[in-house]
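Hi everyone, thanks for coming. Let's get the picture up on the screen and then walk through a few parts of it together.

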Amino acid sequence: MLNKSRDITLLSLFSAQKLLYPFHSDLSCFGEPDKQRSRLQRILSDDQTQICIAIHQEEVVGYVTLLPPEPEERWSSLSYVRVMGALEVASIYRRRHIACAILQRLFHDAKDIEKQIVLAFAYYWHWDLNHSELGVYEYKRMLKRLLISAGMEEVYTDEPDVHAHSANFSMARIGRNLSTEHMQRFFYTLNPRIW
């Protein structure tokens, strides 16, 4: 899969593990690289957190986070829901299928992933449109294809931030061993208006 990047190493980190590698200087969509690295190290203190990183020449060149919902989020009462947080690949490493590999490794290594729902929100104001050379709707199509390739599907919510712009969307990966009752509770929580 990484035929253009054979020297990329993927590594999953779980709670209480240390993030030993510095961040590449191009990882700046969500803040300065050093601040992002510190933030990720802090969130690893949560026992339900997982981070998958791509490493090249002793630097993190891409990462994705898997987190429990924030306490104020409506799905925080559903113990089987996780939220996919930031996903970023340094701009000079893009178009090498690194993001796809990171997501596949994240889900492969995640504990009890087939008994969980992973929820992802895509907001256009987080996208690196400048480096991508894509318009907002082209970027949306690209991101959807990426998430679908990792086993996610589009889900519909009445969440105000999703409806704030027509490019925003939400997706979920629904574990194969999830009960019907858990799925129904999740979809009701996601959008009670349609039930």
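Predicted model: local features only at pLDDT ≥ 70, side-chain atom pairs only at ≥ 80, totals over all residues.

Okay, back to the helix: in α6 the buried ones are F186, T189 and L190. They span an arc of only 100° around the axis, so they sit on the same side of α6. Go to the other side of α6 and you find T180 and E181, which are exposed. And what covers those buried residues? Strands β4 (81–89), β5 (117–122), β6 (153–155) and β7 (169–174) are among the things that do.

Next up, a pair of helices. The axes of α2 (residues 98–109) and α4 (residues 136–149) come within 9 Å and cross at roughly 35°, and that crossing is right-handed. From α2, we have A99, C100, L103 and Q104 meeting L146, L147 and S149 of α4. Sort the residues of that contact and you get five nonpolar, two polar and no charged.

Last stop, strand β2, residues 50–56. Seven of its seven residues are buried, and that goes for both faces: Q50, C52, A54 and H56 on one side, I51, I53 and I55 on the other.

So who are the neighbours? Strand β1 (residues 9–14) runs antiparallel to β2, joined by six bridges; there, L13 has I51 as its bridge partner. With β3 (residues 59–67), β2 pairs in the antiparallel sense over seven bridges, and A54 is partnered with G62. The β2 and β3 hairpin has two residues between the strands, and Q57 takes a positive phi near 50°.

That's my tour, thanks!

Conventions: Residues numbered from 1 in each chain as written. Heavy atoms only, no water. Buried < 20%, exposed > 50% of the residue type's maximum accessible area, 1.4 Å probe, protein only. Helix = DSSP H or I, 4+ residues; strand = E, 2+ residues; numbered from the N terminus. Arc of directions from axis to C-beta. Contact = heavy atoms within 4.5 Å. Axes fitted to C-alpha atoms, helices over the stretch in contact; angles between N-to-C directions. Left-handed = near helix turned anticlockwise from the far one by under 90°. Nonpolar A, V, L, I, M, F, W, Y, C, P; charged D, E, K, R; others polar. Pairing = 2+ DSSP bridges.
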